[in-house]
Amino acid sequence: MAGAIASRMSFSSLKRKQPKTFTVRIVTMDAEMEFNCEVKKQILEEKIYCPPEASVLLASYAVQAKYGDYDPSVHKRGFLAQEELLPKRVINLYQMTPEMWEERITAWYAEHRGRARDEAEMEYLKIAQDLEMYGVNYFAIRNKKGTELLLGVDALGLHIYDPENRLTPKISFPWNEIRNISYSDKEFTIKPLDKKIDVFKFNSSKLRVNKLILQLCIGNHDLFMRRRKADSLEVQQMKAQAREEKARKQMERQRLAREKQMREEAERTRDELERRLLQMKEEATMANEALMRSEETADLLAEKAQITEEEAKLLAQKAAEAEQEMQRIKATAIRTEEEKRLMEQKVLEAEVLALKMAEESERRAKEADQLKQDLQEAREAERRAKQKLLEIATKPTYPPMNPIPAPLPPDIPSFNLIGDGLSFDFKDTDMKRLSMEIEKENSLCRAPSPEWPSLKSSSR
């Protein structure tokens with residue numbers, strides 16, 4: 001059976017290699033998805049050799065077509081863990097973990113932002129069609145000497161490969177350099193246009209394979225000849241419609257992108273306003289709390305000022321009591337010279353103490369008035385008042401001074417000073433009464449009041 005390359009036969013194939021200037025057109029969405037899945041499957045199953053760098057780039061376009069634009073808040077680490085994106089040969093070629101491969105793919109994936117699904121799939125096919133093994137159909141053959149070879153049929157021509165190397169052909173026959181292809185039974189014959197080149201003959205194992213090879217040759221040569229001819233009016237109309245559709249889709253994508261950007265800006269503005277509102281609410285709450293604390297502090301200072309004023313009044317009362325104690329001590333006359341000296345010392349100390357307490361009372365009253373004007377100084381005034389009160393309570397005995405003798409009351413017995421000695425005129429009853437009063441005075445001095453130190457304690 002003989003077949004000529006010029007004969008026309010209906011032929012369709014999902015796998016064919018196209019030049020860069022040729023645009024693949026898919027009629028329906030189902031056919032497009034089927035075609036893309038077939039190409040991806042062949043790359044992942046390593047039927048089409050793909051370098052590691054191109055494998056990562058193709059994987060990024062596949063992720064863009066499936067997931068859309070990259071969003072860090074949605075596409076978190078590990079979102080590609082269940083995806084099969086790279087050939088096993090590429091994964092085993094490098095000592096990299098799945099997380100490292102995912103990081104590489106995601107880095108390229110983030111750069112494809114804004115590409116639609118069909119654009120990402122088209123970019124995938126454009127890269128895939130430049131691979132060496134893309135669109136090549138391999139068949140096992142034998143030459144005249146019985147050497148096992150591989151025949152590769154693609155859109156550019158026929159290629160003879162070594163079984164161990166499917167990337168670099170040993171012999172190539174471009175379609176424009178082939179004059180005729182024929183086969184008889186199991187033997188194929190390729191006749192080049194250049195008569196100086198020998199005719200290449202090979203055998204295949206089965207008749208069915210021979211028919212398939214002939215059909216692939218006829219179909220690829222027919223497509224090759226069509227690309228060299230000018231487009232018909234129908235094809236030109238289809239291209240114009242395709243361009244219009246592409247422009248319409250581009251405008252639609254731009255409109256959607258603008259709307260998406262406006263929506264994102266509106267959401268960002270809303271979030272910013274909500275954040276500012278929340279911040280203002282927090283500031284208002286803090287201001288109210290600060291105001292309440294200020295009011296509480298003012299009330300506390302006012303209360304302390306009142307307490308200080310009451311303490312000043314109490315000091316004034318204590319001073320009055322000290323004055324009364326001084327008058328009582330003056331009224332008690334000591335009969336002997338030593339007792340008189342001690343009594344005069346007590347009177348002097350009582351006067352000094354009364355004077356100091358009066359001054360202290362006056363000063364504390366002034367401090368209370370000043371505290372009402374400046375509440376902040378009330379704490380210091382209170383501390384000084386308490387400190388001074390403590391000093392008064394623990395003050396040591398004053399040194400003896402030469403007091404001025406005070407006039408004695410008429411009920412105290414009189415005594416005369418003659419020369420260096422004293423002559424006393426006491427009765428026995430008066431002496432006993434005076435001794436009892438002195439013992440009473442001494443007992444009172446030994447038991448001072450815990451609230452206010454006794455004048456006798458300071459004199460002792």
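View 1. The structure is a predicted model. Its chain averages a pLDDT of 76, and 77% of the residues score at least 70.

**View 2. Helix α2 against helix α4.** Helix α2 spans residues 52–67 and helix α4 spans residues 98–111. Their axes come within 8 Å and cross at roughly 65°. An angle of 65 to 115 degrees counts as roughly perpendicular, so α2 is roughly perpendicular to α4. The crossing of α2 past α4 is right-handed. From α2, the contact takes in Val-56, Leu-57, Ala-59, Ser-60, Val-63, Gln-64 and Tyr-67. Facing them in α4 are Trp-101, Arg-104, Ile-105, Trp-108 and Tyr-109. By class, the contact of α2 with α4 holds nine nonpolar residues, two polar and one charged.

**View 3. Helix α2 against helix α5.** Helix α5 covers residues 117–128. Its axis lies 8 Å from that of α2, and the two helices pack at about 160°. Angles over 145 degrees count as roughly antiparallel, so α2 is roughly antiparallel to α5. This crossing of α2 past α5 is left-handed. On the α2 side the contact residues are Leu-57, Leu-58, Tyr-61, Ala-62, Gln-64 and Ala-65. On the α5 side they are Arg-117, Ala-120, Glu-121, Glu-123, Tyr-124, Ile-127 and Ala-128. The contact of α2 with α5 divides into nine nonpolar residues, one polar and three charged. Leu-57 of α2 meets α5, and Leu-57 also belongs to the contact with α4. Gln-64 likewise takes part in the contact with α4 and in the contact with α5.

**View 4. The seven-stranded sheet.** Seven strands form an open sheet with antiparallel pairing. Their order is β4-β3-β2-β1-β7-β6-β5. The edges are β4 (171–174) and β5 (178–184), each pairing on one side only. On average, neighbouring strands are turned by 30° against each other, direction ignored.

View 5. Strand β1 covers residues 137–142 and strand β2 covers residues 148–153. The two run antiparallel and are joined by six bridges. Phe-139 has Leu-151 in β2 as its bridge partner. Five residues lie between the strands of this hairpin. Among the hairpin residues, Gly-146 takes a positive phi near 85°.

View 6. Edge strand β5 pairs with β6 (residues 187–192) in the antiparallel sense, over six bridges. Tyr-183 has Phe-188 in β6 as its bridge partner. Two residues separate the strands of the hairpin. Asp-185 sits in the turn, with a positive phi of about 60°.

**View 7. Strand β7 between β1 and β6.** Strand β7 covers residues 200–204. In the sheet order, β7 stands between β1 and β6. Four bridges join β7 to β6, and the two run antiparallel. Here Ile-190 stands opposite Phe-200 of β7. Two bridges join β7 to β1, again with the strands antiparallel. Arg-142 stands opposite Asn-203 of β7.

Terms used: Residues numbered from 1 in each chain as written. Predicted model: local features only at pLDDT ≥ 70, side-chain atom pairs only at ≥ 80, totals over all residues. Heavy atoms only, no water. Axes fitted to C-alpha atoms, helices over the stretch in contact; angles between N-to-C directions. Parallel < 35°, antiparallel > 145°, perpendicular 65-115°, else oblique. Left-handed = near helix turned anticlockwise from the far one by under 90°. Contact = heavy atoms within 4.5 Å. Nonpolar A, V, L, I, M, F, W, Y, C, P; charged D, E, K, R; others polar. pLDDT = per-residue confidence, 0-100. Pairing = 2+ DSSP bridges.
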